[in-house]
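Subject: Structure handover

Hello,

Here is the structure for you to look through. My notes follow below it.

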Amino acid sequence: MPYEVSSNRVDIVYDFNDGKPQATLKVNDKTLLNNHARLTVISRFYETQETFVGHPKKSKEWCNVELFSANIELINEMVVDLNFSSFIPYDYDHNLSSPGFFAGNFICKTEFKLEVGSPWQPDIIKLYPIPSVLTTKPHPSHLTPQDKFDFWLNVRKLQPTAKRLAYLWAGLAITLATMLQIIGYHDQFCAPDHTWLFHRGARSFLFPVVAGIGGSYLFYHFLYKLAKTYLRDYLTQIKIHWPKRVKKDSTLYLKNLLQGKLVSDIDHLQIRVIASNMQHAVIEGGRSRKRVSYPCNEVILFDKIFHDIKAGDQLSDIIDIDDKLHMKDVFTTCFPNAVYGRFYKMALIWQIQIIHDDLVDHLFNGPSDLFEITDFEVLQPLRFGKTLSRRTGSNKLSA
């Protein structure tokens, strides 16, 4: 059944026809018939926050995006195809709490606005036919896990060329970092006209030592990160064959999805495939703003540990034919992408992870636009509780 909201003046039904969204308008107020009107669909993103402890929350609109706008002529009953410009909207209420900084909710509401009559003094009717869905709270996520590894053990698992390059960049990082610190301390305590690199003046007494420590950290961080790229070469010839399209009933075989060759003997290699939503937002705390990202609606599609892998083995050979990814859980748990501009977006991420306790991990993010948008259950009327949401035409956002 479709989403429906009624008022004394206009009824609106929001539904899908062959996977395409549409709105059916039924005019109850006969004075509106045969008038020119403009139908606009706007998705708005709100932050609700307590003004003081124990006081009611107030809603503040952060941003909005106009998804559809068209001029129509009102008749007794009519169907309007909604060719949304950015994404198919879905309304939700997300409980969020970040201790010491923020306490409140994120709310997304989709407004259907009908402006009837003169564009200078229109008769405005606002309806909200899409019911809100409560999302899960932020929780510890397996997405992009913290990478812990043993540098020297990892180097021993590499081929000779990659091993020499890893030693080279790591050695340069340590050498340059040490040299800059020595120069910084020398220039700090020597006579002003005997400095090597960092010249200090009367107003920059601590400049040489601070510059030496800061420069050594930057060199070490950059070169060590460069060395870390070679530590992943214990697994070579990696290819990810992403599917062209993913539907709710799709089943993917990991053997066909992931390819790679091990260059040394490895035990306890974990392969995990995960899907999750990631909320990116700008929230307020006092006089400041802070960019935050919260994972939610996580689904583990595959998780298995492989033992006793020999050098030269292909990943496609050690993965069983029964190692499958059933994609249904992505469509029943996660939400599709929704971008509200630079202040807020909901992203869908799915990731292949190759994890080892002592080796640098491999992480591969798949393209999220492969998922069939109309298969997500958040867009289906019957899947989330009430099938009929009735509100008045002048209904406003309540927090």
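His268 sits in the loop between β13 (258–262) and β14 (269–285); helices (H or I, at least four residues) and strands (E, at least two) are DSSP runs, numbered from the N terminus. Its phi is positive, about 60°, although His268 is not a glycine. Most residues other than glycine have a negative phi. His268 is partly exposed, with a relative accessible area of 33%. Here buried means under 20% relative accessible area, exposed over 50%, and partly exposed in between (1.4 Å probe, protein chains only).

This is a predicted model: local features need pLDDT of at least 70, side-chain atom pairs count only at pLDDT 80 or more, and totals for chains, interfaces and linings use all residues. Residues are numbered from 1 along each chain as its sequence is written, and side-chain values use heavy atoms, with hydrogens and water left out.

Gln237 also has a positive phi, about 55°, and is not a glycine. Gln237 is in strand β11 (residues 235–240). With 52% relative accessibility, Gln237 counts as exposed.

Now the chain as a whole. It has 6 helices and 19 strands. Of its 399 residues, 46% count as buried. Take the contacts (heavy atoms within 4.5 Å) with a separation of 6 or more: residues 24 or more positions apart account for 69% of them.

Next, the core. A nonpolar core is a set of buried Ala, Val, Leu, Ile, Met, Phe, Trp, Tyr and Cys residues joined through side-chain atoms within 4.5 Å. The largest one has 93 residues. Leu82, Leu114, Met327 and Tyr344 have the most contacts inside it. This core draws at least three residues from each of domain 1 (160–231) and domain 2 (234–375); the domain bounds come from an automatic or database domain assignment. Tyr344 touches Phe45, Cys63, Tyr92, Phe106, Cys108, Gln279, His280, Ala281 and Val339, not counting residues up to four places away in sequence.

Two more residues are worth a look. Leu231 lies in the loop between α3 (207–230) and β11. Leu231 counts as buried, at 0% relative accessibility. Setting aside neighbours within four places in sequence, its contacts are Phe149, Phe151, Asn154, Val155, Leu158, Ala166 and Val360. Leu153 is 78 residues from Leu231 along the chain, and their C-alpha atoms are separated by 9.9 Å.

Phe364 belongs to strand β19 (residues 362–366). Beyond four places in sequence, Phe364 touches Ile238, Ile240, Trp242, Trp350, Gln351, Ile352 and Ile354.

Last, the cavities. On a 1 Å grid over the protein atoms alone, a cavity is a set of points where a 1.4 Å probe fits but cannot get out; lining residues have an atom within 4 Å of a point. Points are joined across faces, edges and corners, and a volume is the space filled by probe spheres set on them. The count is 1 cavity of 30 Å³ or more. The largest cavity has a volume of about 60 Å³. Its lining is Val10, Ile12, Leu25, Leu39, Phe112, Leu114, Ile125, Lys126 and Leu127. β9 gives the most, with 3.

Best wishes

Note on methods
1 Å grid on protein atoms, 1.4 Å probe; cavity = no way out; pocket = protein on both sides within 12 Å on 5 of 7 lines; lining within 4 Å.
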